Amino acid sequence: MSYAYHEPSELDEALALLARHGDDAHAVAGATAFMLLYRQGLLRPSHVVGLRRVRSLGGIRDDGGALVIGATATHREAERSPLVARHCAALARAFASVATVRVRNQATVGGNLAHADPAQDPPAMLLALDAAVTAVSPGGTREIPLAELFVDVLTTSLAPGELITAVRVPALAPGTRAAYVKFLPRTADDYATVSVAATLRRSEDGRVADVRVVLGAVGPTPIRATSAEDALRGAAPDAARIAEAAALARDAADPIDDVRGSAAYKREMARVWTERALRSLVA
Amino acid sequence: MKLAHSSTVPVPVERVWTVVMDVPRAAACVPGVSGVSGAGEDRFRGDLAVQVGPVRLSFSGEVAIVARDDAAHRATLRADAKEARLGGSVHASVEIALARAGEGCALRIESDLQVAGRIGELGQPLIQRKADQLLREFGACLARTAA
Ligand SMILES: Cc1cc2nc3c(=O)[nH]c(=O)nc-3n(C[C@H](O)[C@H](O)[C@H](O)COP(=O)(O)OP(=O)(O)OC[C@H]3O[C@@H](n4cnc5c(N)ncnc54)[C@H](O)[C@@H]3O)c2cc1C
């Protein structure tokens, strides 16, 4: 089996190719996720539309305090970008947590979000940072908050033929701290068994003014642990309060048994790693 | 792979039973089903299109009612389908049981699924999620249809 490979340099061209070939076409960026499914025989497109040469999809920029990462920026570019590091060091760390340098040189930020494997690293961190993707189709452009992008395992709310052009991370309120932790009991380049992304901002009196906690790899999508957030908001984040919030995060997790551990074990690890992430934010 | 689905429908059991045993009408409640037609006594042919993440599957196959007990509201169905896009097949044995539950009806569907060929590469967790989702939507649609 083989396919016709298209490499348009304009976004309109890419959209037109996808629209014209419909179900027979598949978009690729770094092709890391695509090739795995293709080799397994699970994808059988007759047209593949490569996005890497579409210049308007690349690059990383600051847009009035918001960080805008183009869809075809690679993980390696993002992890080494001074703009990303300045915006949020934990986000740079989440990009750097993906697999190996070899994968990160190839895999793109947009491809990662569109692939929507719940065990991936950047989605949890980007959701904690309240990011949104810009998506474009022949019908126009729309913003999709990450909370609405991820629908199920490997499933997004993107329409067929719709493309992510960039992910936009809003400016963080001054004093906001962020953490990304990834529990890797097997090998350093594995997918997470559990990951936790969190942001926290304290008011002058030391109480928690704002907090977001997101769990990765323990559900069909990254999971926002809102009950844990509610337990912290307005409270003094002492050890007892953090332990209470972490226990609520365990209850928010919805993992499955797999090679990385039983559901019960992962739930417990969600508690442990939420506690660690939160403690690091108030240390 | 075994799957179990139960739900309650606020419709009397007799009415739900009539819909369930009208296979073309019941099949219309499974999202992605099309072209259902009779293929002999208690046998039906049809197509099912399913999307699992980026993977699109299209099945064609047959459903047969192999046993039914109208008084007890129980039936056993057998489904055999081939997947043409990627290659593979699914064989399922499905037990349907309805019971009175107050004014309404308790629906229980137990399936035993065998997946063969390339579509098995999707892996059990993903296949199970998709099957669960289809069953849930089927149950909800049945409630609307029988109401
Ligand atoms: C060996 C290995 C290890 C990995 N380990 C990790 C890990 O530890 N952590 C982690 O987070 N991830 C991991 N991954 C997953 C990796 O992050 C993704 O495969 C990668 O980010 C996908 O990006 P890509 O550019 O290669 O996408 P592609 O493979 O090109 O595309 C993936 C999917 O997204 C769609 N797509 C691509 N770009 C767009 C766009 N702009 N708009 C709309 N749809 C688009 C494609 O149609 C395709 O369906 C691993 C992958 C491999 C191969």
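How many residues does the contact take from chain B and from chain A? I looked this up before anything else. The contact takes 14 residues from chain B and 16 residues from chain A, where contact means heavy atoms within 4.5 Å.

**Ground rules**

I am working on a predicted model, in which local features need pLDDT of at least 70, side-chain atom pairs count only at pLDDT 80 or more, and totals for chains, interfaces and linings use all residues. Residues are numbered from 1 along each chain as its sequence is written, chains are lettered from A and ligands numbered from 1 in the order in which they are written, and side-chain values use heavy atoms, with hydrogens and water left out.

**Entry 1: the interface**

I asked for the buried area next (the accessible area, with a 1.4 Å probe, that two parts lose on being put together, summed over both). Chain B and chain A bury about 1,300 Å² between them, and 57% of it is on carbon and sulfur atoms.

Then I turned to charges. A salt bridge here is a side-chain nitrogen of Lys or Arg within 4 Å of a carboxyl oxygen of Asp or Glu. The rule finds 2 of them across the interface of chain B and chain A. I found B:Arg129 again, its side chain meeting that of A:Asp152 in a salt bridge at 2.8 Å, N to O.

Which elements of chain B each supply at least two residues of the side that touches chain A? They are β4 (55-69) and α3 (124-146); helices (H or I, at least four residues) and strands (E, at least two) are DSSP runs, numbered from the N terminus. The largest share, 4 residues, comes from α3(B). I sorted this side of chain B by class and got 7 nonpolar, 2 polar and 5 charged residues. For the classes, Ala, Val, Leu, Ile, Met, Phe, Trp, Tyr, Cys and Pro count as nonpolar, Asp, Glu, Lys and Arg as charged, and the others, Gly among them, as polar.

**Entry 2: cavities**

I searched the whole structure and found 2 cavities of 30 Å³ or more. On a 1 Å grid over the protein atoms alone, a cavity is a set of points where a 1.4 Å probe fits but cannot get out, and lining residues have an atom within 4 Å of a point. Grid points are joined across faces, edges and corners, and a volume is the space filled by probe spheres set on the points.

The largest cavity holds about 1,100 Å³ of space. Of its 42 lining residues, B:Val30, B:Leu48, B:Val63, B:Ala79 and B:Leu134 are the closest to its centre. I see 32 nonpolar, 5 polar and 5 charged residues in this lining, and β3(B) gives the largest share, 7 residues.

The second largest cavity has about 90 Å³. Among its 13 lining residues, A:Leu43, A:Arg44, B:Pro54, B:Arg56 and B:Arg85 are the closest to its centre. By class, I counted 7 nonpolar, 1 polar and 5 charged residues there.

**Entry 3: salt bridges overall**

Over all chains, I found 28 salt bridges. One of them joins A:Glu162 and A:Arg142, with the closest N and O atoms 2.7 Å apart. A:Glu162 lies in the loop between β9 (155-156) and β10 (163-169) of chain A and A:Arg142 in strand β7 (residues 140-145) of chain A, so this pair ties together parts that are 20 residues apart in sequence.

How values were computed
On a 1 Å grid over the protein atoms alone, a cavity is a set of points where a 1.4 Å probe fits but cannot get out, and a pocket is an open set with protein on both sides within 12 Å along at least five of seven lines; lining residues have an atom within 4 Å of a point.
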